[in-house]
Amino acid sequence: MKKPTTAELIALKGAELALSELLALYEVRVRQTGVIREINESLAAAGLTTLPDFSTCPTLARVRLVPVAATTTVTPEEDPAVPADPLPPGALPQRLLLGDLPSAVVGLQCVPPGAELSQATYLMRYEGYNQIPVVSNMTELHGVVTWKSIALMYENGWDETLENAMQQESLPVFDSREDLFSCLPMLVDQGYVLVRGHDGRISGIVTYQEIVRRFQNTARPFFLLGEIESLLRRWLGSRLDAEAVIAVQATNRRQEHRTGRVEDLMFGDYVMLLDGQQRRTALAQRADANWAALGRSGLDRGQFVHHLQRVQAIRNRIAHFDDDPLPPEDMRDLTSFARQLRDCVR
């Protein structure tokens with residue numbers, strides 16, 4: 001990862017950049033946890049930050065580099081002992097735009113009007129496409145050749161030409177700044193939508209299959225984390241008494257917020273409940289008693305707590321709808337830990 005010099009960043013003070021341009025300064029493309037930390041440290045060294053926050057703004061947003069003092073605000077008094085929630089309100093993107101999907105902006109294969117139909121069908125077979133647009137200069141859309149439109153041509157006995165094989169009416173074309181969810185009905189109906197960029201050019205195509213894959217890559221970790229937290233609460237809540245929970249809450253809650261209910265714990269509190277190696281001797285001793293109360297003597301405690309901490313780290317990282325899916329090893333950890341907990345809660 002390359003970093004611009006402090007002098008180079010100071011020279012950009014007050015400048016407005018596309019988020020992609022800011023990331024390009026560091027020769028990165030997506031906002032992963034380590035990248036965000038490095039950029040924040042680099043900007044802070046130059047006395048700068050961004051408005052809006054580059055780490056949580058939409059992918060197509062523009063940010064302005066401003067002095068850190070310009071963002072200082074007065075906040076209500078908070079309990080300093082309560083650690084910040086790693087997924088606080090507002091950390092996740094508020095909208096998912098069509099242009100946030102990689103395939104919407106990376107370009108696409110197409111054929112020009114007047115091409116041979118065989119050229120279109122060859123590309124479709126070779127690339128595994130179900131449709132291919134017919135476009136002039138990447139701006140004028142003449143139609144889309146699909147396997148369905150080709151079948152219709154043969155059913156009607158029309159000449160085998162590109163024009164006769166095109167779908168030309170009610171073409172699903174959307175601006176890249178369109179909210180993704182408003183496009184879903186058309187995408188489900190047609191199986192695809194074409195995307196037009198800021199410059200009016202056709203910039204990409206989003207298919208139904210891609211949405212399914214993306215949902216699996218991005219939503220599945222959230223569902224697994226939700227299941228893990230639910231299982232932990234059921235298991236711990238059925239075995240541990242209020243006193244054990246209050247002992248943990250006493251480390252980071254005011255007196256009136258020490259409810260003794262497992263449902264009110266943060267994820268890091270689960271680790272404190274069970275980790276016998278933590279620095280606080282009193283909590284470590286209580287953790288020994290808590291583990292015994294769970295009644296799973298055959299379960300290796302060291303490995304379980306280690307994997308619980310791994311899940312906590314993964315949970316803390318999932319705060320952006322980035323292009324890259326969660327790494328396979330992280331997905332394996334979430335899937336395996338959820339399976340382990342299902343056995344514990346039986």
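**A strand pair and a buried glutamine**

Strands β8 and β9 (residues 202-207) run antiparallel to each other, paired over five bridges. Strands here are DSSP runs of E with at least two residues, helices are runs of H or I with at least four, and both are numbered from the N terminus. Two strands count as paired if DSSP finds at least two bridges between them. This is a predicted model: local features need pLDDT of at least 70, side-chain atom pairs count only at pLDDT 80 or more, and totals for chains, interfaces and linings use all residues. Residues are numbered from 1 along each chain as its sequence is written, and side-chain values use heavy atoms, with hydrogens and water left out.

Start with the hairpin. Five residues separate β8 from β9, and G200 in the turn has a positive phi of about 85°. V193 has V206 as its bridge partner in β9.

Now take β8 itself. It spans residues 192-196, and four of its five residues are buried (under 20% relative accessible area; exposed is over 50%, partly exposed in between; 1.4 Å probe, protein chains only). Strand β7 (residues 173-175) pairs with β8 in the parallel sense, over three bridges. There, F174 has V195 in β8 as its bridge partner.

Next comes Q278. This residue sits in the loop between α9 (267-274) and α10 (281-294). Q278 is buried, at 14% relative accessible area. Leaving aside residues up to four places away in sequence, Q278 touches V271, M272, L283, A284 and A287, where contact means heavy atoms within 4.5 Å.
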